[in-house]
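Here's a quick tour of how some side chains pack in this model. Have the structure open and follow along.

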Amino acid sequence: MSADEQLTKEELDAIAAVRERLEADPSIPKAAFQRGYEIVATTLICKCRVEKAVEKYKGYIKMMERFGCADAPPPTDEQLDAMDSRWGAFQVCGRDNEGRGVMWIQGQPILPEHESTCIQCSSMYFFAVHADLKTLREGVTFVIDSGSSNAEEKVGNERKMQEAWQAYPLRPKHFFITNASMLQRVFINTLLTIVGAFAYNNKVVRRLRFVTIDDVRG
């Protein structure tokens, strides 16, 4: 967040309450409290609802532990170089027309040996997109480019990775899937995966739109 962006008293109180609850939970690794911004971001994305933010952050840390990333220090230059092959899935798009962050994901299979690296990339990308108060308070424009997916290529970890994506505290303001009409099979698989991942929130599902690239750019 920039220096001129200020948290409200309500937000500060909620963040403090979430952190206090987490610190009282022995199941949360101490390293999790070094990820201070992630706690702040999760609290604001959850609209300062303390119970929901605590539950969501605990789920996020549990997912990070599952992939061996919860206690990991910031990646070294060598590790970042090894991540290069995964960064292509995460597009840097700046802000939408209303000033909110844009998450643009190009769907692609994730080989088991790349899972941990992909989760590291995903977390760095996710919180970079949520690096301003407007996005944290209002949500992101979330775009999934299904045209880059190979629907017939299954590697056996699809359910595991879907559960990982569910652990992120994502609250889309706009939710688009692009290129779905080009390949019907990609359309069906993307629909089932995405709606299944966010079925806990009907409001998110109602915001889902199938569009072209030009629609999103407009």
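## Ground rules

Contact here means heavy atoms within 4.5 Å. This is a predicted model, where local features need pLDDT of at least 70, side-chain atom pairs count only at pLDDT 80 or more, and totals for chains, interfaces and linings use all residues. Numbering runs from 1 along each chain as its sequence is written, and side-chain values use heavy atoms, with hydrogens and water left out.

## V143 and its strand

Leaving aside neighbours within four places in sequence, V143 is in contact with M103, W104, I105, F176, T178 and V216. V143 sits in strand β3, residues 140–145; strands are DSSP E runs of at least two residues, helices are H or I runs of at least four, and both are numbered from the N terminus.

V143 counts as buried because its relative accessibility is 0%. The cut-offs, with a 1.4 Å probe and protein chains only, are under 20% relative accessible area for buried, over 50% for exposed, and partly exposed in between. V143 and P172 are 29 residues apart in sequence, and their C-alpha atoms are 9.4 Å apart in space.

## The nonpolar core

A nonpolar core is a set of buried Ala, Val, Leu, Ile, Met, Phe, Trp, Tyr and Cys residues joined through side-chain atoms within 4.5 Å. The largest one has 53 residues, and L22, Y60, M63, M103, I119 and F142 touch the most other members. With residues up to four places away in sequence not counted, I119 touches M63, M64, F67, C69, M161, A164, W165 and Y168.

## α3 against α5

Helix α3 (residues 50–66) and helix α5 (residues 115–129) pack at about 150°, with axes 10 Å apart. Axes are lines fitted to C-alpha atoms, for helices over the stretch in contact, and angles run from 0 to 180 degrees between N-to-C directions.

Y60, M63 and M64 in α3 meet I119, S123 and F127 in α5.

## Aromatic pairs

Rings of Phe, Tyr and Trp (its six-membered ring) pair if their centres lie within 6.5 Å; planes under 30 degrees apart are stacked, over 60 edge-to-face, the rest tilted. The structure holds 8 such pairs. Y60 and F127 form an edge-to-face one, 5.8 Å centre to centre with 75° between the planes. This pair links parts of the chain 67 residues apart.

Y60 is buried at 1% relative accessible area, and F127 is buried at 8%. Y57, Y60, F126, F127, W165 and Y168 form one aromatic cluster.
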